[in-house]
Amino acid sequence: MKFITSEEIGAPVADVWAVLSDIEGLEAEARARGARLKRLERGDAPAWKTEFRFRQRVREVEMRVAQVLAPELLAFEITGKAAEGTLRLELLPLSPAHCRLTVTSEIRARSLAARLFLQSLKLARAGLNRRYREKVAQGAALLTARAIALRDLQ
C-alpha cells in the first residue's frame, strides 16, 4: 500500500535540508509526539528501535536511514514483525525561497494477518489519504517554521 503527497514549503532547500538532516532534532520531535526510541549502533547509518501505539496495541519496529542524497532525498527503511516499508522525503527547489516536499510511504505485509489488515485498509483508502495529507501538511508547516527559525539564528 502506497501513499504519496506533496507540500510547498516557504523556505529555501538548504534551510529545509538542515532541519531534515538534524537526526537528533528528529529524535526529539518523535519523542515529543509520544514515540519511544532506542538508538541502535549498526554501521554508519543511524537506526532506531521504536514502540508506538496503533489500534490499541503497542507496535515495535526498527527504522534505519537507508539513503541520503543531500539536499534532495532522505529515505528510511522500516521493519516490523508483520510488515515492512519505506518512507521517502524528497525536496525539489521551486525558487530560491521555496521548495516542494514530497513524502512517499509504502507498506508491505510480511504475514498473512498483515496482508488481511492491509486489504481492509484499502477499503478505507480515501479517509486514510485525507488523514495522510493532513499529517504531512502539519509536518510541513512545522518544518517551515523550524527552517525559518534556523535561518534567523544565522
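Which residue in β5 is the bridge partner of glutamine 67? The partner is alanine 75. The model is predicted; local features need pLDDT of at least 70 and side-chain atom pairs pLDDT 80 or more, while totals for chains, interfaces and linings use all residues. Residues are numbered from 1 along each chain as its sequence is written, and side-chain values use heavy atoms, with hydrogens and water left out.

Helices (H or I, at least four residues) and strands (E, at least two) are DSSP runs, numbered from the N terminus. Two strands pair if DSSP finds at least two bridges between them. Strand β4 (residues 57–69) and strand β5 (residues 73–80) run antiparallel, joined by eight bridges. Three residues separate β4 and β5, and the two strands form a hairpin. On from there, β5 pairs with strand β6 (residues 83–95), again in the antiparallel sense, over seven bridges. This pair is also a hairpin, with two residues between β5 and β6. Alanine 75 has a bridge partner in β6 as well, namely arginine 88. In a regular strand, side chains alternate between the two faces of the sheet.

Arginine 88 also takes part in a salt bridge, defined as a side-chain nitrogen of Lys or Arg within 4 Å of a carboxyl oxygen of Asp or Glu. Its partner is glutamate 90, at 3.6 Å from N to O. Arginine 88 is partly exposed at 29%. Glutamate 90 is partly exposed, at 29%.

The structure holds 14 salt bridges. One of them joins arginine 100 to glutamate 8, with the closest N and O atoms 3.4 Å apart. Arginine 100 belongs to strand β7 (residues 98–109) and glutamate 8 to strand β1 (residues 2–9), so the pair ties together parts 92 residues apart in sequence. Arginine 100 is partly exposed, at 28% relative accessibility. Glutamate 8 is exposed, at 52%. Another salt bridge brings together the side chains of arginine 151 and aspartate 15, at 3.7 Å from N to O. Arginine 151 is partly exposed at 34%, whereas aspartate 15 is buried at 13%.

Helix α2 (residues 23–32) has three named buried residues: Ile23, Gly25 and Glu27. The buried residues of α2 pack against β2 (36–40), β3 (47–54), β4 and α4. Contact means heavy atoms within 4.5 Å. Just after α2, glycine 34 has a positive phi of about 100°.

Serine 105 lies in strand β7. With 14% relative accessibility, serine 105 is buried. Its side chain makes a polar contact of 2.8 Å with the side chain of tyrosine 132. A polar contact is a pair of N or O atoms within 3.5 Å; within protein, one must be able to donate a hydrogen and the other to accept it, and residues adjacent in sequence count only if both atoms are side-chain atoms. Beyond its neighbours within four places in sequence, serine 105 touches Met1, Lys2, Phe3, Thr86, Leu87 and Tyr132.

A search of the whole structure finds two aromatic pairs. One of them, tryptophan 48 with phenylalanine 76, is tilted, at 6.4 Å centre to centre and 50° between the planes. Tryptophan 48 is in strand β3 and phenylalanine 76 in strand β5, so the pair ties together parts 28 residues apart in sequence. Rings of Phe, Tyr and Trp (its six-membered ring) pair if their centres lie within 6.5 Å; planes under 30 degrees apart count as stacked, over 60 as edge-to-face and the rest as tilted. Both tryptophan 48 and phenylalanine 76 are buried. Phenylalanine 3 has the charged end of arginine 125 over its ring, 5.2 Å from the ring centre. For this, NZ of Lys or CZ of Arg must be within 6 Å of the ring centre and within 35 degrees of the ring normal.

Alanine 11 is in the loop between β1 and α1. At 0% relative accessibility, alanine 11 is buried. Its contacts beyond four places in sequence are Val16, Ala97, His98, Cys99, Ala147 and Ile148.

Note on methods:
Buried < 20%, exposed > 50% of the residue type's maximum accessible area, 1.4 Å probe, protein only.
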